Amino acid sequence: MSVSLFLTLNVQSFHFFLIGYLKYTIFSKLDEKRKQSCLRPIQQTSDHLNTPLAFASIPMDDIFTQCREGNSVAVRLWLDNTENDLNLGDDHGFSPLHWACREGRSGVVDMLIMRGARINVMNRGDDTPLHLAASHGHRDIVAKLIQCKADPNTVNEHGNTPLHYACFWGQDEVAEDLVASGAQVCMCNRYGQTPLDKAKPHLRQLLQGAEKMGQSLIKVPYKETFWKGTMRTRPRNGTLNKQAGIDYKQLSLLAKINENQSGELWQGRWQGDEIVVKVLQVRDWTTRKSRDFNEEHPKLRIFSHPNILPVLGASLVVDQSQAVKFALDIASGMAFLHTLEPMVSRLYLNSKHIMIDEDMTARISMADAKFSFQCPGRMYSPAWMAPEALQKKPEDINRRSADMWSFAVLLWELVTREVPFADLSHMEIGMKVALEGLRPTIPPGISPHICKLMRLCMNEDPAKRPKFDMIVPILEKMQDK
């Protein structure tokens, strides 16, 4: 089961999400129609033996290159960084151990195994490090992997075992070692071929001696394999340990697992991975707490040991009480701006123009006001614009009423944590809001008081919309509650 950990801070008004990763093991049945792996056969033969020896040229991250080249010093330095995950995979699912075994880098293999590299990890073609070491004839590495409980009879997507490869490539000593370690000489691959079928005559004669060790020379038919209950694993996504900030919209909370005085534990999904999310309950969020949290949570991102569940990142989410606080800040700012004569021209209210400072106060940025010579007549954020502002010339609309509409959309953003009409282009939004009656939909679960306020501020008749100095007291009462 693939499990990660999200640590979430629920800061009276916020949630912080921290993720950690535990183990990426696949239990599903192997799919015969899985996408073709990056492995190419060394030669086109009629026996369908695809080999891991010829690998398409692809760009590699540094750690894969260092393992391939046997740079022990660089690998050691990389492993000493606790944020680096030694079980990550490249674009084709090759782990650092795959590369070190393939290239015969015995010292790097020792280092990776000692640090906790997974022995039976599989690339996208289902080859394990033992497949690669056996096919290249690295006898010492094969012995190390077997000693560390590598499965000598594990099969790849073609049904080939490490012994198939050793026999095909004439690695006689490796083949004998594998048989001595329990590799089956008559196990058929997907195409009905056994290692004996692949072996040269002299090796075939040697391997037939396995009968004396208790093996039967009757062919064992190929069976579709299942992952559940085995030691087989996939390398982890190489981007997981690079994540620091988490986009809350990518996070799905599925079921609550537990709850105690420190917070809630949830099962969820993030970027296709199963995760565990911890939501921490924190009240009275302050600048000091924010600074401490930002300093402390990265220290929990420990990827360098297989028995440590690391934190992947953090995400801040505004809850309804903080949403009201931000809305009050914005409404107070707009109430002041509307008292100015003349008004600040070409300042269009939307969430992109709101800044949150260290004491968690929302402020309207004057730097986002347009000058008269900047793109006159163009509207860049129609999702927040009142319908009349999209239909009429600027001089023909009531700016204060139009701003109130924009505030209603911003309030909708705060309580739904979504971007209005995110699936539409700016042109589509402008046309549909102005001509087709497209409006933000208020989802269930929102406070009825906030829903009522949004509807008041989004009245289709501009003259019936309230003024900002009227809604400030309303928001103050909501905040007090």
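Q: Hi! How many aromatic pairs does a search of the whole structure find?
A: Hello! The search turns up three aromatic pairs. Keep in mind that this is a predicted model.

Q: Okay, let's take F168 and W169. How are their rings arranged?
A: Their ring centres are 4.9 Å apart and the planes meet at 90°, so this pair is edge-to-face.

Q: Is F168 buried or exposed?
A: F168 is buried, as its relative accessible area is 13%. The cut-off for buried is under 20%.

Q: And what does W169 count as?
A: W169 has 25% relative accessibility, so it counts as partly exposed.

Q: What about F407 and F468, how do they sit?
A: F407 and F468 also make an aromatic pair, and it is edge-to-face, with 5.4 Å from centre to centre and 80° between the planes.

Q: Where in the chain are those two?
A: F407 belongs to helix α14, which covers residues 399–416. F468 is in helix α17, residues 468–480.

Q: New topic: helix α3. How many of its residues are buried?
A: Seven of the eight residues in α3, which runs over residues 96–103, are buried. That is why the helix is largely enclosed by the rest of the structure.

Q: Which ones are they?
A: The buried residues of α3 are P96, L97, H98, W99, A100, C101 and R102.

Q: Which residue lies over the face of W99?
A: That would be R68, at 5.4 Å from the ring centre of W99.

Q: And what follows α3?
A: G104 comes after α3, and its phi is positive, near 75°.

Q: Let's zoom out. How many helices and strands does the protein have?
A: There are 17 helices and twelve strands.

Q: How much of the protein is made up of buried residues?
A: Buried residues account for 50% of the 481 residues.

Q: What share of the contacts comes from residues 24 or more positions apart?
A: Among contacts with a separation of 6 or more, such residues account for 68%.

Key. Residues numbered from 1 in each chain as written. Predicted model: local features only at pLDDT ≥ 70, side-chain atom pairs only at ≥ 80, totals over all residues. Heavy atoms only, no water. Buried < 20%, exposed > 50% of the residue type's maximum accessible area, 1.4 Å probe, protein only. Helix = DSSP H or I, 4+ residues; strand = E, 2+ residues; numbered from the N terminus. Phe/Tyr/Trp six-rings, centres within 6.5 Å; stacked < 30°, edge-to-face > 60°. Lys NZ or Arg CZ within 6 Å of the ring centre and 35° of its normal. Contact = heavy atoms within 4.5 Å.
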